[in-house]
Amino acid sequence: MSSTTADGIAGWAINLMETLGAPGAGVAIALENLFPPLPSEVILPLAGFTASRGDMTLFDAVLWTTLGSVAGALALYGVGALLGRERVVAIAAKLPLVDVSDIEKAEAWFARHGGKTVFFGRMIPIFRSLISIPAGVERMPLATFTLLTTLGSLIWNTAFVMAGYLLGENWSLVEEYMGVVSRVVLGVVVLAAVAFVVVRLTGRRKGGHRVR
């Protein structure tokens, strides 16, 4: 992320917090869940720094950012629930290189590991927002989803708010280091997508040769 972008997001988050107080931090994090390009690695430490200056309490910073995380996750869960399995399968059937069997395998995997995925997924950049959609599609019990999302978000948010609180004026160091982690995660996702395409194309070519 460029320093200009970071400054812009930081300035936007600061304005929200100055206008709304601690709830402003919650609004910022709720929007971060809905729009993953907004980095929690900037917003959360900034909320901690704001608390260190006495503009809000540390408890309020953690409370409101966690409420914002849960609100954003529930909104995306609702999107997944509205889409439903039938729509997802219909969309997948029209996509190149995607088979309905891929959806069925993903469903089976989520049925076995969905709880752990939602909990730990809240602590992984980028993935933390996206995991709410398949949870909604699979209609994970809402109470379970909310509990796991709250616990995972509480751990993630507390760590970053505390880092900003302790670093004070140097809160931006958190974003610098986590920016590297985010890029690594994004790189892994891209490599996985490329591997998927290569394997699928190779499989189809082999299948075509067998037909001949």
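Colleague: In which hand does α3 pass α8?

Modeller: The model is predicted, so local features need pLDDT of at least 70 and side-chain atom pairs pLDDT 80 or more, while totals for chains, interfaces and linings use all residues. Residues are numbered from 1 along each chain as its sequence is written, and side-chain values use heavy atoms, without hydrogens and water. A crossing is left-handed if the near helix is turned anticlockwise from the far one by less than a right angle, and right-handed if clockwise. For α3 passing α8, the crossing is right-handed.

Colleague: How are α3 and α8 oriented to each other, parallel, antiparallel, perpendicular or oblique?

Modeller: Axes are lines fitted to C-alpha atoms, for helices over the stretch in contact, with angles from 0 to 180 degrees between N-to-C directions. Those of α3 (residues 40-52) and α8 come within 6 Å and cross at roughly 55°. Angles under 35 degrees count as roughly parallel, over 145 as roughly antiparallel, 65 to 115 as roughly perpendicular and the rest as oblique. That makes α3, relative to α8, oblique.

Colleague: How many nonpolar, polar and charged residues has the contact of α3 with α8?

Modeller: Contact means heavy atoms within 4.5 Å, and on the α3 side S40, E41, L44, P45, G48, F49, A51 and S52 meet W156, N157, F160, V161, G164 and Y165 of α8. Ala, Val, Leu, Ile, Met, Phe, Trp, Tyr, Cys and Pro count as nonpolar, Asp, Glu, Lys and Arg as charged, and the others, Gly among them, as polar. By class, the contact of α3 with α8 has eight nonpolar, five polar and one charged.

Colleague: How far apart are the end C-alpha atoms of α8?

Modeller: Helices (H or I, at least four residues) and strands (E, at least two) are DSSP runs, numbered from the N terminus. The expected span of a helix is 1.5 Å times one less than its number of residues. For the 26 residues of α8 (residues 142-167) that should give 38 Å, which agrees with the separation of its end C-alpha atoms, 37 Å.

Colleague: And which residue just after α8 takes a positive phi?

Modeller: The phi in question is about 60°. The residue just after α8 is G168.

Colleague: How are α2 and α3 oriented to each other?

Modeller: The axes of α2 (residues 22-34) and α3 come within 10 Å and cross at roughly 165°. A25, A28, I29 and E32 of α2 make the contact with S40, I43, L44 and A47 of α3. By class, this contact has six nonpolar, one polar and one charged residues. With that crossing angle, α2 and α3 are therefore roughly antiparallel.

Colleague: Is S132 buried or exposed?

Modeller: S132 lies in helix α7 (residues 132-137). Leaving aside neighbours within four places in sequence, S132 is in contact with A73, L76, Y77, R122 and F145. Buried means under 20% relative accessible area, exposed over 50%, partly exposed in between (1.4 Å probe, protein chains only). The relative accessible area of S132 is 1%, so S132 is buried.

Colleague: What relative accessible area has L130?

Modeller: L130 has its place in helix α6 (residues 127-130). Its C-alpha atom is separated by 9.8 Å from that of F35, 95 residues apart along the chain. L130 is partly exposed, because its relative accessible area is 45%.
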